[in-house]
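Here are some notes to go with your first look at this model. Keep the viewer open and go through them point by point.

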Amino acid sequence: MVDYEVTVYTGDRAYATTVNPVHIKLVGTEGESARTWLSSWVIFRGAVSTYTVSCPKSLGRLVLIELDKRQFRLMFGDAWFPDKVEIKSPERDIYTFPIYCWISDRETHCFREGKALRMFDESNSLGRNARKQELSQRSVDYAWELFSVGLPYIIKADGPTSLPDEVQFSFTKRTEFVFTAMTGLAELRLKGLVDNQENWQNLDDINDVFHYKETPLSNYVQEHWKEDWLFAYQFLNGVNPNMIRRCKTLPNNFPVTEDMVSIPNGSNLSNELKQGNIYLCDFKNLNGMPANTVQGKQQYLTAPLVLLHKRPNDKLMPIAIQLKQTPAEDNPIFLPTDSDNDWLTAKIFVKGANFTEHQLNVHLLRTHLLAEVFAVSLLRNLPMVHPLYKLLIPHTRYTLHINELSRARLTGPTGVFTKFGASGGETLTKFLARSQSLITYRSLCIPDDIADRDLQDLPNFYYRDDGLQLWTIIFKFVQGVIQHYYKSDDEVQRDSELQTWIRDIFEHGFLSQSQSGIPPSFMTVPELTKFTTMVMFTCSCQHAAVNSGQYDYGGWMPNTPTTLQRAPPTKKGTTSKSTILETLPPINVTAQGMASAWLLSQPSSDFVPLGHYPEEHFTEEIPRQLQKDFKAELDELSIKINNRNEGLEIRYTYLDPKNIENSIAI
Ligand code: FE2
């Protein structure tokens, strides 16, 4: 007889303990053990327990283990969360089997040894069959569903609790999320704000919505929201840094003339256009979008154009705003020299348009929905033993659950966005489909995106500065891992699972639109490296940049109105303090918007920062070392960003690696 020393590591998380009997079977190239009871009556959370499995002879090289957990009759079934199993063979070889998932049923679950393998690395039918079986089950567990025509596909599920256990929120995350949501709403109810459909009579009264829910920046925004420089600053470092671009020639439909704008230091508009000091935010994709009806009242949504000038002191300032796309007498170009109320009203309409552009295109579509496509296609096409699975699975944590929740609570028929947003209801899918048709691969890769928007040298653009450094660090890490496993382009082309993965993304995420530039297949190692970098960047950094500031900039409603109740002014000199109050959302809509922004800006206590890999899917030395180097570089960048922030009036913290979550989890 020979003995195998089996050490089981159970996860240290709520409800990971099991009182059900667990059995293991070891499978090697020369045979398999009997199904053997791990002789414990209870396996506690956080426990490291060692057992012996005896066999008549050596099993050769271990390929996989089978685990099952079956309760005795009259015994309650529970869920068990093993982290990994380590096995010392009679030959004194150590094998590690990463698991990191819940086992709550009575089925037999198969787990592969930790060394990453592509399909063509499998030297025996045991491994080949195991990966086929795994993927066949996953294609059932993670099926595609059409969300709406023209939009990326989503996971087929009946709400978050119908998702497989392994992708659901942890107990901690779930409890905290519900608690934050409930306390926010309870506070509003106590104050009688939830049902109050009246307009604000005074902007200062908005302070009563959340007395204690504030951030240093939300307070600062409340104080300075009317100022032009903060209006412009938000196009660089607010929640939507993806709209602004350099403007060398004015668009034909935005006829700003020399005499309209005042340019300091004796320069003029055409000169500044030539010098590259003029920037544009053009919300043309909102053109023609019908606005929602909120509480029986027609709302308004415009498609403005905003012209900005970089002053000699490097500050960016808005110099002209046109609220609709077609120039006309009833579509005046508003200027900072107009009355305070006219100019502020114009800026409020821009903020209203920016809310829709940001939440639907930049945030929901380009991070949440794409990340869902990346996650589902990964789970469907790559087995746990595949190197790309090991690399990317930590960057999919909680994404399917938060998206299912958001479909139920925000964008579903009774969701907050549907009921209270200018672009809720039918506009939502219409605008998303238009945005989807315009997504390009280049716009998802920050170095290309910055080059295409010609923003390389615009000062005080911290989203770009931090984002580009993060891209470089992620790229280096991804390149290290991919080059370790793929020695030639031929290996990339031959990896059938990898090719199915990208094909699935191309078809279900980008609807086979070749003009998007998304590759339908991978031909080279650099192509695979760039695409994987984009996936990791989108699921972590890009989401942090467009998500984390939601309360900072939206906590003071007039800075981010979710909807507008009056039509845009068609003539100068027709606005007043009271038309502004009638334009902004009413009391209950404000309260709902602020509660949602608060909920979506709160990190959970089981937040995993970028580059931290508490689940050790990689067991080999080289990728493990690359992960350590990756984390070290991120730590260094965090120090640099903190030093830079010391000297800033507004600290830009969204892309500090410490604040970036590994995945889209909120
Ligand atoms: Fe988010």
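1. Within what distance do the axes of helix H6 and helix H8 come, and at roughly what angle do they cross? Before the answer, a quick reminder that this is a predicted model. The axes of H6 (residues 340-381) and H8 (residues 399-409) come within 9 Å, and the crossing is at roughly 135 degrees. The two helices are therefore oblique to each other, since an angle has to be over 145 degrees to count as roughly antiparallel. As for handedness, H6 and H8 cross in the left-handed sense.

2. Now look at who touches whom in that crossing. On the H6 side you'll find His368, Leu369, Ala371, Glu372, Ala375, Val376 and Leu379, and they meet Thr399, Leu400, Ile402, Asn403 and Arg407 of H8. Sorted by class, this contact has 7 nonpolar, 3 polar and 2 charged residues. Keep an eye on His368, Leu369 and Arg407 from this contact, as their names come back below.

3. H6 has another partner, helix H10 (residues 426-438): their axes come within 10 Å and cross at roughly 60 degrees. H6 and H10 are therefore oblique too, because an angle counts as roughly perpendicular from 65 to 115 degrees. Which hand does this crossing have, left or right? H6 passes H10 in a right-handed crossing. H6 brings Thr356, Glu357, Leu360, Asn361, Leu364 and Leu365 to the contact, while H10 brings Leu428, Phe431, Leu432, Ser435 and Gln436. The class count for H6 with H10 is 6 nonpolar, 4 polar and 1 charged.

4. Next, the metal site. Which residues coordinate the iron ion? The donors are His363, His368 and His543, each through NE2, plus Asn547 through OD1 and Ile666 through O, at 2.2 to 2.4 Å. Along the sequence, the spacing of these donor residues reads H-x4-H-x174-H-x3-N-x118-I. Note that His368 is a donor to the iron ion and also takes part in the contact between H6 and H8.

5. Have a look at Phe147, in the loop between strand S10 (144-145) and strand S11 (154-155). With 26% relative accessibility, Phe147 counts as partly exposed. Setting aside neighbours within four places in sequence, Phe147 is in contact with Pro152, Ile154, Leu369 and Arg407. Leu369 of H6 and Arg407 of H8 are also part of the contact between those helices.

6. Most residues other than glycine have a negative phi. Asn265 is not a glycine, yet its phi is positive, about 60 degrees. Asn265 lies in the loop between strand S12 (245-246) and helix H5 (269-275), and at a relative accessible area of 67% Asn265 is exposed. Asp314 has a positive phi as well, near 75 degrees. Asp314 belongs to the loop between strand S16 (305-310) and strand S17 (316-322), and its 32% relative accessibility makes Asp314 partly exposed.

7. Last, two buried residues. Thr215 is in the loop between helix H2 (171-190) and helix H3 (216-224), and counts as buried at 18% relative accessibility, the cut-off being under 20%. Beyond its neighbours within four places in sequence, Thr215 is in contact with Tyr551 and Asp552. Ser596, in helix H19 (residues 587-599), is buried at 16% relative accessibility. Again leaving out neighbours within four places, Ser596 is in contact with Leu410 and Val416. How far apart are Ser596 and Val416 in space, C-alpha to C-alpha? They are 8.1 Å apart, though 180 residues apart in sequence.

Notes. Residues are numbered from 1 along each chain as its sequence is written. This is a predicted model: local features need pLDDT of at least 70, side-chain atom pairs count only at pLDDT 80 or more; totals for chains, interfaces and linings use all residues. Side-chain values use heavy atoms; hydrogens and water are left out. Axes are lines fitted to C-alpha atoms, for helices over the stretch in contact, and angles run from 0 to 180 degrees between N-to-C directions. Helices (H or I, at least four residues) and strands (E, at least two) are DSSP runs, numbered from the N terminus. Angles under 35 degrees count as roughly parallel, over 145 as roughly antiparallel, 65 to 115 as roughly perpendicular and the rest as oblique. A crossing is left-handed if the near helix is turned anticlockwise from the far one by less than a right angle, and right-handed if clockwise. Contact means heavy atoms within 4.5 Å. Ala, Val, Leu, Ile, Met, Phe, Trp, Tyr, Cys and Pro count as nonpolar, Asp, Glu, Lys and Arg as charged, and the others, Gly among them, as polar. Donors are N, O and S atoms within 2.8 Å of the metal (3.2 Å for Na, K and Ca); water is not among the atoms, so sites may look incomplete. Buried means under 20% relative accessible area, exposed over 50%, partly exposed in between (1.4 Å probe, protein chains only).
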